[in-house]
Structure formats: C-alpha cells, structure tokens
Amino acid sequence: MNRAFYKGKMVLVTGGTGFVGMHIVEELLKQGADRIRIPIHNRPLIIQDERIETVQADLTKENDCLKVLERVDCVFHAAGSVGSAGITPLHAMSSITMNIVITVMMLQAAWNMGTERFLLFSSSTAYPDAHYPIKEEDMWSGPTYPAYFGYGWMRRYLERLGEFVASKSGVKVAIIRPSAVYGRHDNFDPETSHVVPALIRRAVQRENPFIVWGTGGEVRDFLHVSDLARACLLMIEKYPVCDPVNIGCGRGITIKELVQAILKAAGHKHAEVVFDSSRPSAIPFRVLDTTKAKNALGFESVISLERGLMDTVGWYKRMAVKNEDSRTDSA
C-alpha cells in the first residue's frame, strides 16, 4: 500500500462511528491520512485524533450529503444497516430501505460535487447458492439464496447504481463484496447480532447447554474486520474501476468448528454443545474465491481465525467489565 496516496486528501468515512467504518478510520490514520471527515448522527465518535473532523449530518437529507462532501476527494461509504438470521420482516424491510436511501443520496451528491473516488459496499449475500468458492462473475448466474432474497437483491441493485453513476459522471467507483466480517466493536445485541458476536457473548456468559442454530455443518468464510479495512484502502487506491472484488479469507470453516474455536477462546471448556436444526441458519455453504483480490490488489487476509477470535473475545470481556463497573458507579 502506498502510504503517500492519502496524504493531503480529504477522506470521508460515512458510518465512521460504526463497526466497519471505525476500523477504516483506524487504518487510514495508520496509513498516514491527515484529513478525515466523519458524519455524526446517532452514535458518538470513539476515536480521538486531531486529523479527524466531525460534521453533524443526516445522510437521508440531500443538503447534508452535499455538505459532508465539500472538498472531499475519496469516500468510504460504510454507513448502512445489516441483516441477520431470524430477524422480523419489518426489521428486514427497514434495513433494506435505509441502505437504498442513504446510498442513493450519497452517490447523487458525489456526482454533483465531482468527488474523485467512491467505495461502495456490496455483500456476499447477493450471490446465488453455490457449493464451491464463488467467483465475482458468478453473481448473475442465478437468483440470490431465498433467505437473502430482499437483502441480497438490494445489494445487487446498489452495485448497478454504482455502475450507472460511474458511467455517467467522473466519479470512480470501487465495489467490494465482503464475506462474513467479525472483530472488535461488532454488534453484540442479542436480537440483531450475527453468528460470531452472538456466539462470543453467550460463550463469555458461560451458557450451558450451548444451543446453536443449524446443523453445525454449515460452512462460512470469516474475515477479521482489520483485514477488511486494509482491503478497502487498497480498493480506493488501486481499483476504483466499478469491477466488484471479493474480499474474504478464501477458506471455509464449519459452524461446528467455529463454535469450538469460540468456546476455546472464551475459556468455556465444559459446554454441552447442542445443534438445533429446526432454527434458521441461512445458506448451507458460502466461501468466496479471492483470486481477483490477490491479483488486482495484492490483498490476502493475514489475521487467522484463532488470533482474530482471541482478540475479539478479549476485547468483549474488557467491555463487559467496563460496562458493569459503569452500572455499579451509577447505582
């Protein structure tokens, strides 16, 4: 990665107070970026650095989108909502609507303001069902997996919008398709969390029996969020050509293996693991072919699952203790 690329540029990170956006900001600071702007709406900013400026903005409003894009060279559009297995249809629809609205508004504003580069997040949920490491060109070979119908097609649509803006304007659009991401600052809410943070929370709480949705034979491609952030910077710098790139570990692991790794990281040695195949577990197999990422970006994941889980579990334990102390102090 060329550390000089971001020097002197104004970089906007939407969703910079959220899970993925926060790690993009940290990576930008590490790579020498000296002008980072973050729109603030509902969440406070955790990272404190003199190179960061914040702007109060609601990205569903046109004027606010134009305001945050003033003098901006590059946009990492990480703001949005994600779905999870078992959520209600109403929540799923609100997630889809929010992603479409804010992405459309930001793409239009980038077009109007003459922004140079724009990173657009797609998702591996947009791929059809496949029992092999799936390649980028396989996206349109079939429909999305039924459990991802709404969310997956929304991501497909946003890719097409990115292509439209890139074809009609001077904005260079990079499109990234991440696999299942985990790490520090993830969503650990019991109602909406994805599989890794959900399992970590329950393992740290020493649940027993340890009930897991699905058969345990489902295969996933898990990527540490720090690796994803590094890939995002490479995409903006090296490949803003509106040609989607898979970003993942490129190796599959069964949910059963994941559970055992999380229990080990959490020190929950005597858990009785029970798989409940009657509960939703989404697609049986999802692994990304990461050949293009290696060839186009020189990107490969470097954080092993074991190392990433140990780090995430350790962080979650520290946050749990901190939150408990805070509740005790306020009692």
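**Notebook: chain overview and helix α6**

I counted secondary structure to begin with: the protein chain has nine helices and 14 strands. I then checked the radius of gyration. It is 20 Å for the protein chain, close to the 20 Å that the globule rule gives for 331 residues, so the chain is as compact as a globular protein of that length. I note that this is a predicted model.

Next I took the box along the principal axes. The C-alpha atoms of the protein chain fill roughly 55 × 55 × 40 Å.

Of the 331 residues in the protein chain, 53% are buried. Among contacts with a separation of 6 or more, 79% join residues 24 or more positions apart.

The accessible surface of the protein chain is about 15200 Å². Carbon and sulfur atoms hold 53% of that surface. I found 39 positive and 37 negative charges in the protein chain, and their mean positions lie 2 Å apart.

Is α6 enclosed or open to the outside? Twelve of its 14 residues are buried, so α6 is largely enclosed by the rest of the structure. I used under 20% relative accessible area as the cut-off for buried. I listed the buried residues of α6 by kind. Charged ones among them are Asp-227, Arg-230 and Glu-237. The buried residues also include Val-225, Leu-228, Ala-229, Ala-231, Cys-232, Leu-233, Leu-234, Met-235 and Ile-236.

Technical notes: Residues numbered from 1 in each chain as written. Predicted model: local features only at pLDDT ≥ 70, side-chain atom pairs only at ≥ 80, totals over all residues. Heavy atoms only, no water. Buried < 20%, exposed > 50% of the residue type's maximum accessible area, 1.4 Å probe, protein only. Helix = DSSP H or I, 4+ residues; strand = E, 2+ residues; numbered from the N terminus. Rg over C-alpha atoms; globule rule 2.2 N^0.38 Å. Contact = heavy atoms within 4.5 Å. Areas by Shrake-Rupley, 256 points an atom, 1.4 Å probe, with all protein chains shown as cover. Charge placed at Lys NZ, Arg CZ, Asp CG, Glu CD.
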